[in-house]
Amino acid sequence: SVLARSFSFRVAYAPLPRRRFFFFPAMVIKTELCHFTEYRIYPGRGQRFIAKDGKVSFFITSKVDSLFHQRIKAVKLRWTQAWRRMNKK
């Protein structure tokens, strides 16, 4: 078959990639960003908050949700990406 011939061509003239399943593309998982911390949120995690004006915020944990509703700025918390960006870390 055509596939077998192209495969044998690659074996004969070029080293194979080290990945085991090089015919299959990598699986893509849709992630979203936390509105407060800017961490990646994987499917099945986090909670979505929809404000009265329709703005959607997605939070990674209830801690982050609580801090957002207390109006505490992410820049003032050392563990957030905003603080790291502000302080050039």
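Predicted model: local features only at pLDDT ≥ 70, side-chain atom pairs only at ≥ 80, totals over all residues.

User: Why is S57 called buried?

Analyst: The relative accessibility of S57 is 3%. Buried means under 20%, so S57 counts as buried. This residue belongs to strand β4, residues 56-59. Leaving aside residues up to four places away in sequence, S57 touches H35, Q47, R48, F49 and F68.

User: What makes M27, I29 and Y42 a nonpolar patch?

Analyst: A patch takes residues with over 30% relative accessible area and no salt bridge, and nonpolar side chains are joined within 5 Å. Together, M27, I29 and Y42 have about 350 Å² of accessible area on the surface.

User: How do you know that E32 and R48 form a salt bridge?

Analyst: Their side chains meet at 3.5 Å, N to O. The cut-off is 4 Å between a side-chain nitrogen of Lys or Arg and a carboxyl oxygen of Asp or Glu, so the pair of E32 and R48 qualifies. E32 is in strand β1 and R48 in strand β3, so the pair ties together parts that are 16 residues apart in sequence. E32 is partly exposed at 28%, and R48 is partly exposed at 48%.

User: How do you know that R85 and E38 form one?

Analyst: The closest N and O atoms of R85 and E38 are 2.4 Å apart. That is within 4 Å, so this pair qualifies too. R85 lies in helix α3 and E38 in the loop between β1 and β2, so parts that are 47 residues apart in sequence are tied together. R85 is exposed, with 53% relative accessible area, and E38 is partly exposed, with 31%. By this rule, the model has 2 salt bridges.

User: What makes the phi of E38 worth a remark?

Analyst: Phi of E38 is near 65°, a positive value in a residue other than glycine. Most residues other than glycine have a negative phi. R71 also has a positive phi, about 60°, although it is not a glycine.

User: How do you know that β3 and β4 pair?

Analyst: Two strands pair if there are at least two bridges between them. Strand β3 (residues 47-50) and β4 have 4 bridges, so they pair, in the antiparallel sense.

User: Which residues make up the largest nonpolar core?

Analyst: This core has 10 residues: C34, F36, I41, F58, F59, V64, L67, A74, L77 and A82. β4 and α2 (62-69) each supply at least two of its residues. To belong to a core, a residue must be buried and joined through side-chain atoms within 4.5 Å. Beyond residues up to four places away in sequence, V64 touches C34, F36, T37, F59 and W79. In soluble globular proteins, nonpolar side chains tend to be buried together.

How values were computed:
Residues numbered from 1 in each chain as written. Heavy atoms only, no water. Patch = residues over 30% accessible without salt bridge, like charges linked within 9 Å, V, L, I, M, F, W, Y side chains within 5 Å. Areas by Shrake-Rupley, 256 points an atom, 1.4 Å probe, with all protein chains shown as cover. Buried < 20%, exposed > 50% of the residue type's maximum accessible area, 1.4 Å probe, protein only. Contact = heavy atoms within 4.5 Å.
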